[in-house]
Amino acid sequence: MAFFYIRHLTHYLYTGLVVDSANQIKLYPVQDSYQRVTEHSIEVSHHPDIYTVHDYFGNKTGFFSQIAPHRELSIENRMAVEITPKPMADLQSSDIVWKKLLDDETQMGHHPFLKAEQAKSKNEILEIVQKLVPMDIHPLESIKRLSDFIYDNFTYKKGVTTIETSVDELWTLRAGVCQDFAHLLLYMLRLVNIPSRYISGYICPGSSEWRGEGATHAWAEVWLPDTGWLGIDPTNKCLAGERHVRLAHGRNFTDCTPVKGTYRGGLDHTLEVTVQFSTQPFTDTQQVDQTPTFVSQVHKEGMPQNSYTTYLQMQQ
């Protein structure tokens with residue numbers, strides 16, 4: 001069992017005034033038998049009302065708007081969570097599990113998590129997957145082999161991919177970050193009809209150093225007849241455990257995006273994301289003296305900055 005305090009600050013800085021900002025947030029930690037939320041709050045600059053619903057997958061989702069002109073927008077998400085690792089169920093024989101996994105009832109019941117995207121490298125990837133997923137061993141062992149393959153053959157490297165990087169691009173690059181590795185693992189699993197879903201959340205620091213820790217994180221969950229949903233983290237070559245805090249799940253990243261929205265105004269802006277972890281409540285000093293975990297600057301190259309282009313951007 002592990003207990004963590006998490007503070008996640010998303011801060012947008014615009015080069016000019018923007019208006020009509022409409023946003024969606026999936027920043028509500030999962031509450032179940034293995035993740036108990038003892039504290040949670042979301043504070044948005046300018047204090048708009050946040051309307052919440054549950055999406056198709058059951059994720060609590062917030063919506064808010066900021067109509068008045070503004071030059072920045074901040075979203076501060078705070079939580080305290082207690083994580084209890086899910087005990088491993090007694091595994092059934094491989095032939096029984098594969099039979100249940102591939103029957104019509106399972107395939108139809110998990111249809112949203114089985115459709116693989118189109119990829120030019122499908123045949124090349126499928127050839128490797130078929131070698132790593134024989135029918136005479138338990139699917140869980142095969143899933144671990146796929147996770148190990150990604151860990152061993154792809155370099156963890158920031159800045160070479162984006163949220164829009166395709167399987168084909170990742171396969172060529174042989175490098176990426178957690179969301180890319182989760183994306184590829186899901187693609188491989190779906191090629192052999194194993195239900196799998198994308199998980200967004202955090203990976204908390206621990207006694208040993210893991211790739212991507214101390215920040216937002218992504219991994220996969222697979223469904224097997226004898227284990228139910230089980231998390232697997234290809235970025236760190238392990239099953240998800242007491243350092244993995246879940247926010248949302250879906251078919252892919254777009255179903256789980258922590259923050260996304262639109263606004264009217266200039267294209268240029270800076271995004272700063274700060275994520276902090278502690279086993280004790282945060283002090284005022286900790287909250288002030290913190291360097292952003294992630295910084296992204298968007299600048300439209302070659303576009304003249306004058307009153308007419310500003311007007312066009314406002315209209316768009």
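A residue is called buried here when its relative accessible area is under 20%, exposed when it is over 50%, and partly exposed in between, with a 1.4 Å probe and protein chains only. By that rule Arg-246, at 17% relative accessibility, counts as buried. The structure is a predicted model, in which local features need a pLDDT of at least 70, side-chain atom pairs count only at pLDDT 80 or more, and totals for chains, interfaces and linings use all residues. Residues are numbered from 1 along each chain as its sequence is written, and side-chain values use heavy atoms, with hydrogens and water left out.

**Overall form**

The protein contains nine helices and 15 strands, where helices (H or I, at least four residues) and strands (E, at least two) are DSSP runs numbered from the N terminus. Its radius of gyration is 21 Å, close to the 20 Å that the globule rule gives for 316 residues, so the protein is as compact as a globular protein of that length; the radius is taken over C-alpha atoms, and the rule is 2.2 Å times the number of residues to the power 0.38. Along the principal axes, the C-alpha atoms fill a box of roughly 65 × 45 × 35 Å.

Of the 316 residues, 48% count as buried. Among contacts (heavy atoms within 4.5 Å) with a separation of 6 or more, 73% are accounted for by residues 24 or more positions apart. The protein exposes about 16,200 Å², of which carbon and sulfur atoms supply 51%, the areas coming from the Shrake-Rupley method with a 1.4 Å probe.

**Helix H1**

Helix H1 spans residues 94-101, and Ser-94, Val-97, Trp-98 and Leu-101 are buried in it. These residues cover an arc of only 95° around the axis, which puts them on the same side of H1; the arc is that of the directions from the helix axis to the C-beta atoms. The face turned away from this buried side carries the exposed residues Asp-95 and Lys-99. The cover over the buried residues of H1 includes helix H2 (104-109), helix H4 (139-153) and strand E9 (215-224).

Leaving aside residues up to four places away in sequence, His-249 touches Phe-57, Asn-59, Phe-113, Arg-197, Tyr-198, Ile-199 and Cys-256. One of these pairs, His-249 and Phe-57, is 192 residues apart in sequence and 7.1 Å apart in space, C-alpha to C-alpha.

The table sets out the accessibility of the residues discussed.

| Residue | Relative accessible area | Class |
|---|---|---|
| His-249 | 15% | His-249: buried |
| Arg-246 | 17% | Arg-246: buried |
| His-46 | 43% | His-46: partly exposed |
| His-47 | 61% | His-47: exposed |
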